[in-house]
Amino acid sequence: MKGTIAQVRSYDRSVQLLFANQFTINLGFYMLMPYLAQHLSGSLGLAGWLVGLVLGVRNFSQQGMFLIGGTLADRFGYKPLIVAGCVLRTVGFATLGLVDSVAALIAASAATGFAGALFNPAVRAYLAADAGERRVEAFALFNVFYQAGILLGPLVGMLLTGVDFRVTCLVSAAIFGLLSVVQIRALPARRGDDPAGDGAGGRESVLAQWRGVIANRAFLLFSTAMIGSYVLSFQVYLALPLEVRRLGGGGEFGTVAVALLFAASGLTTILCQTRVTAWCKEHLEPGRALAWGLLIMGAAFIPLLAATAVPVPDDGIGRWLLAAVPPMLAALMLALGTMIAYPFEMDTIVRLSGDRLVATHYGLYNTICGIGITLGNLLTGAALDAARAAGMSALPWLALLGLGLACSASLYGLHRTGRLTRPAPEPQPATA
């Protein structure tokens, strides 16, 4: 831990502030969002489809608007978009706690999602710019703060929601409000080396910029291959908890086991991320690190696959061990694979952009992966249902293992052909 603190202090003040910002953003977000569905269905008495609509609007407004947020960050600078996103989330979270009409709840949910689309690409582009040649190490530290916020947020939210969910909303809004003030006062203005221009003092249209990004074939291939990493890592929230509860029941054991699942994943990242990244940077090329990361994430489902060959005990400690141990091993391996891949993933996006329109590239990347997560989770859910109906419990784990192997092979192929190190081609001047 002392080594991590020393690393943080070795960066410029702006980078340190971005680390603290990301921790605070995730703290405020995750202290509220895990309890929103219960508030909507319980306290407000909304129908299930309305709860799904409110939550779905937030996800759609974030995933669908990442490209807009990244483009605005490249055009107007990173700081205004970071501040605007935090201010908008302040308003959105406060509104979620103060209103009960469906229209207002949908508007507030959309605002919180759009807020994420504004500041996420800007934060990553800012960090990449100010970290310079130390981008990989900076993104490793960024992930430590990111995971710390995810780990602490639900615990704080649980305590506040025990008083009143509205208190949770208002405290979360206050956190984002304070963060907005701190960033206005302390975060230096920053924009990319080629701030939405054509390098010759002019200014490209947004459509021209988007055409240039979409024409970057290596970037699109990389983005598509990396979808698997997000689908696989998301199973900590989907397939693994469902498996724990399927075997261990939905009572106190299931609740505790799922909580330990999340805690083990987050704590492993917080404690090990910087050391894993240092080892990988010393021993592996970036493309190989990415391929190994995806391979380990796919292999994370082997313990669950092996467990399907074991007869399920009717009750007792044997059933509890079968319900808890394979998912825990899977969660730890997913955390390890993510620790290996994530810093190099963020760095590769910058390299493939050619240091031009970096936030726009991050925005499109997030959109592509967001769409992939949605489709991947739908297919995973379908595989889980089919496995139960057909008595083929190995089916979802085989599918996820295959996804990891396929994405790892794709990344290795991109690495071998040099496509992960080639910057985007220079844009061609427009002709009359």
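Predicted model: local features only at pLDDT ≥ 70, side-chain atom pairs only at ≥ 80, totals over all residues.
Residues are numbered from 1 along each chain as its sequence is written, and side-chain values use heavy atoms, leaving out hydrogens and water.

**View 1. Phe301 in the largest nonpolar core.** This core (buried Ala, Val, Leu, Ile, Met, Phe, Trp, Tyr and Cys joined through side-chain atoms within 4.5 Å) has 101 residues. Touching the most other members are Phe19, Phe222, Leu240, Phe301 and Tyr362. Skip residues up to four places away in sequence, and Phe301 touches Leu232, Gln235, Leu240, Leu334, Trp397 and Leu400 (heavy atoms within 4.5 Å).

**View 2. Gln22 of helix 2.** Helix 2 covers residues 13-30; helices here are DSSP runs of H or I, at least four residues, numbered from the N terminus. Gln22 counts as buried because its relative accessibility is 1% (the cut-off is under 20% relative accessible area, 1.4 Å probe, protein chains only). Neighbours within four places aside, Gln22 contacts Val123, Arg124, Phe142 and Tyr146.

**View 3. Helix 7 crossing helix 17.** The axes of helix 7 (residues 102-131) and helix 17 (residues 358-390) come within 8 Å and cross at roughly 135°; axes are lines fitted to C-alpha atoms over the stretch in contact, with angles from 0 to 180 degrees between N-to-C directions. Helix 7 brings Pro121, Arg124, Ala125 and Ala128 to the contact, and helix 17 brings Val358, Ala359, Tyr362, Gly363 and Asn366.

Notes:
Buried < 20%, exposed > 50% of the residue type's maximum accessible area, 1.4 Å probe, protein only. Helix = DSSP H or I, 4+ residues; strand = E, 2+ residues; numbered from the N terminus.
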